[in-house]
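Q: Can you walk me through this structure? I'd like to begin with one of the helices.

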Amino acid sequence: MALTLFSDESIVTTIYPRHRPCPVCDSDNATHLYTNTMTPIGGLDMSYQVVNCADCGFIYASELPESASYEAYYRELSKYDVMTSTAKIRPVDQVRMAAAVNLCVPHLTADALIIDIGCGHGALLNAFHTAGWACLYGIDPAPEASAKANALFGLQNVQTGIVRQAPQLLPLDQAALICLTGVLEHLPDLRTDLAALIKDLNHRAMIMVEVPASERFTRTPLEPYGEFSLEHIQYFSTQSLDRLMAELGYVRKAGEIVALSEGVTDSLFGLFVRQEPATADMPYNPVGLQDYLTLSGQLMGQVIDTIIQCNARQLVIYGAGSHSARLLPKMAAACIAERIVGIVDGNPNLLGKMIGRHQVCSSADLGQWPDATIVVSSFGAQDAIAEFIGRQFPNPILRLYP
Ligand SMILES: [Zn+2]
């Protein structure tokens, strides 16, 4: 458990004992790049340090919350289990799923058994079903995953569980393809979890991976420090993903970086096959994040200036996720956090939870602050949120990005 020291009501200093060696090469020789201070949400302080492995060049988060905090976060605060219809699959996710299916299909036989680890509601499995595959299994930590996958897509074999439970809950030994899309960047026990997964696979099974491509972190427009979310604690380049998979005995058969829509980080895809013996001895060739950190620092400065220049005495923050968890400590450092009178969010899992000293309210509660300016604390959903608020409330709205 984390040791939390309360010095007064508003200042919480949390010391986490979870120092990690490099999740790719297991060396314990990293240099500090950035301290990602996050306001606690629902009692969980998800702050961490971003570090750079001096031996293989991988960039990852260390000094983490315990694994139990991540499990609690995904169980209690995750927004992935609130989709209500297939029509709500975002266009960017349609592009990602099409890329995943196109990458794998040339290498699959018609009777291939496909397992999606971290399958959400089963949208990717459904994409494989549409492409002609029928033996489809999945697992996801969101409590509603199993029921939603069945209700939305008629998928019978989606289990609710974490990656570590996959060997007990899924027919891993029969799989022709394991899909890990948007998963590896999340796992606090990356090497252990992957090794447990791979142990039960047959030697012909392929592994398809999709992660945010750190080669593209500086593509603008970008959310300052947006890659350092509550959930993303590994930052892969093509080289470091290949290195990780080589450490596990796999080699890349196919792959590409897929461009996604503006404001969304491009995806790195790789399809990996077993190779004996493993060849993990790869050159040190890191993709640095210094440009990304510099750019993020400049942009965050502009965001704070925008709030300072708004003369409103009362601010309500719209958004209680990663963006706000990162923004609130920066506002506190600029001595403007005391103007915040409330925080609202549209994610029902966050309602009633504490973010820092504020209890998260529903957007329906905005009427209780008629004199407040509403700060849209989101990068990707800024316009949609501003339009949503503007239709229902007369309050001034402050956007943080051009
Ligand atoms: Zn390393």
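Q: Which residues of helix α10 are buried?
A: In helix α10 (residues 382–392), the buried residues are Q382, I385, A386 and I389. Buried means under 20% relative accessible area, exposed over 50%, and partly exposed in between (1.4 Å probe, protein chains only). Helices (H or I, at least four residues) and strands (E, at least two) are DSSP runs, numbered from the N terminus.

Q: How are they placed around the axis?
A: They span an arc of only 100 degrees, which puts them on the same side of α10. The arc is taken from the directions from the helix axis to the C-beta atoms.

Q: And what covers them?
A: The cover includes β14 (315–318), β18 (373–376) and β19 (397–399). Contact here means heavy atoms within 4.5 Å. On the face turned away from the buried side, α10 carries the exposed residues A384 and R391.

Q: What should I know about the model itself?
A: This is a predicted model: local features need pLDDT of at least 70, side-chain atom pairs count only at pLDDT 80 or more, and totals for chains, interfaces and linings use all residues. Residues are numbered from 1 along each chain as its sequence is written, and side-chain values use heavy atoms, with hydrogens and water left out.

Q: New topic. What holds the zinc ion?
A: C22, C25, C53 and C56 coordinate the zinc ion, each through SG, at 2.3 to 2.4 Å. Donors are N, O and S atoms within 2.8 Å of the metal (3.2 Å for Na, K and Ca); water is not among the atoms, so sites may look incomplete.

Q: What spacing do they follow?
A: C-x2-C-x27-C-x2-C along the chain. C53 and C56 are both buried.

Q: Why is the arrangement called tetrahedral?
A: Because the four donor atoms subtend angles of 103 to 113 degrees around the zinc ion. Four donors count as tetrahedral if all angles lie between 85 and 135 degrees.

Q: How many salt bridges are there?
A: A search of the whole structure gives 14 salt bridges. The rule is a side-chain nitrogen of Lys or Arg within 4 Å of a carboxyl oxygen of Asp or Glu.

Q: What does R219 pair with?
A: D266, with the closest N and O atoms 2.8 Å apart. R219 lies in the loop between β10 (206–212) and β11 (234–235), and D266 in the loop between β12 (250–258) and β13 (267–274), so the pair ties together parts 47 residues apart in sequence. R219 is partly exposed at 31% relative accessible area. D266 is buried at 1%.

Q: And E223?
A: E223 meets R326 in a salt bridge, 2.7 Å from N to O. E223 is in the loop between β10 and β11 and R326 in helix α9 (residues 322–333), so this pair ties together parts 103 residues apart in sequence. R326 is buried, at 2%.

Q: Which residues form a salt-bridge network?
A: R18, R164, D189 and D193.

Q: Now aromatics. How many pairs?
A: Eight aromatic pairs. Rings of Phe, Tyr and Trp (its six-membered ring) pair if their centres lie within 6.5 Å; planes under 30 degrees apart are stacked, over 60 edge-to-face, the rest tilted.
A: One of them is F217 with Y292: centres 5.4 Å apart and planes at 55 degrees, so the pair is tilted. Both F217 and Y292 are buried.

Q: Which cluster do ring pairs build?
A: Y34, F217, Y225, F228, Y235 and Y292 are linked by ring pairs.

Note on methods: Four donors count as tetrahedral if all angles lie between 85 and 135 degrees; four count as square planar and six as octahedral if opposite donors are over 155 degrees apart and all others between 65 and 115; anything else is irregular.
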